[in-house]
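Please look at the sequence and the structure below. The paragraphs that follow go through some of the features computed from the atoms.

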Amino acid sequence: MAEYDILFLGYPNWGGPMPTPVWTFLEGLDTRSKKIAPFCTNEGSGMGRSEKDLRKLCPEAEILQGLAITGHEAGQSGALFEEWTRQLGLAR
């Protein structure tokens, strides 16, 4: 992970917080000087507390605006994901 500047972090959001395995994964990483672009699937909770929790967990990382994808629309979300990366200035 040390060679990457941007971490696209995807997970399901089950009502607010990120799943515990995502917390555990991040706790083991050096996120200094990283950009973290969170995205999640959900059925109504949006990003929940994700962005706030990420700022606490990774205070030296830049947390970018997240993307919440409604779970039943995930299969058709390619264009939405591409637009999100363009808005963040990450698309080529």
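**Surface patch, helix pair and loops**

M1, Y4 and F25 make a nonpolar surface patch of about 310 Å². The structure is a predicted model.

The next topic is the helix pair. Helix α1 runs over residues 20–27 and helix α2 over residues 50–57; the two pack at an angle of about 30°, and their axes are 11 Å apart. Angles under 35 degrees count as roughly parallel, and α1 and α2 are therefore roughly parallel to each other. The handedness of the crossing of α1 and α2 is right-handed.

Two loop residues remain. S33 is placed in the loop between α1 and β2, the strand that covers 35–42. Its phi is near 65°, a positive value in a residue other than glycine. Most residues other than glycine have a negative phi. S33 is also exposed, because its relative accessible area is 66% and the exposed class begins over 50%.

G48 lies in the loop between β2 and α2. With a relative accessibility of 43%, G48 counts as partly exposed. From G48 to G71 the separation is 23 residues in sequence, and the C-alpha to C-alpha distance in space is 14 Å.

Terms used:
Residues are numbered from 1 along each chain as its sequence is written. This is a predicted model: local features need pLDDT of at least 70, side-chain atom pairs count only at pLDDT 80 or more; totals for chains, interfaces and linings use all residues. Side-chain values use heavy atoms; hydrogens and water are left out. Patches are made of residues with over 30% relative accessible area and no salt bridge: like charges are joined within 9 Å, nonpolar side chains (Val, Leu, Ile, Met, Phe, Trp, Tyr) within 5 Å. Accessible areas come from the Shrake-Rupley method with a 1.4 Å probe; for residues, only the protein chains shown count as cover. A salt bridge is a side-chain nitrogen of Lys or Arg within 4 Å of a carboxyl oxygen of Asp or Glu. Axes are lines fitted to C-alpha atoms, for helices over the stretch in contact, and angles run from 0 to 180 degrees between N-to-C directions. Helices (H or I, at least four residues) and strands (E, at least two) are DSSP runs, numbered from the N terminus. Angles under 35 degrees count as roughly parallel, over 145 as roughly antiparallel, 65 to 115 as roughly perpendicular and the rest as oblique. A crossing is left-handed if the near helix is turned anticlockwise from the far one by less than a right angle, and right-handed if clockwise. Buried means under 20% relative accessible area, exposed over 50%, partly exposed in between (1.4 Å probe, protein chains only).
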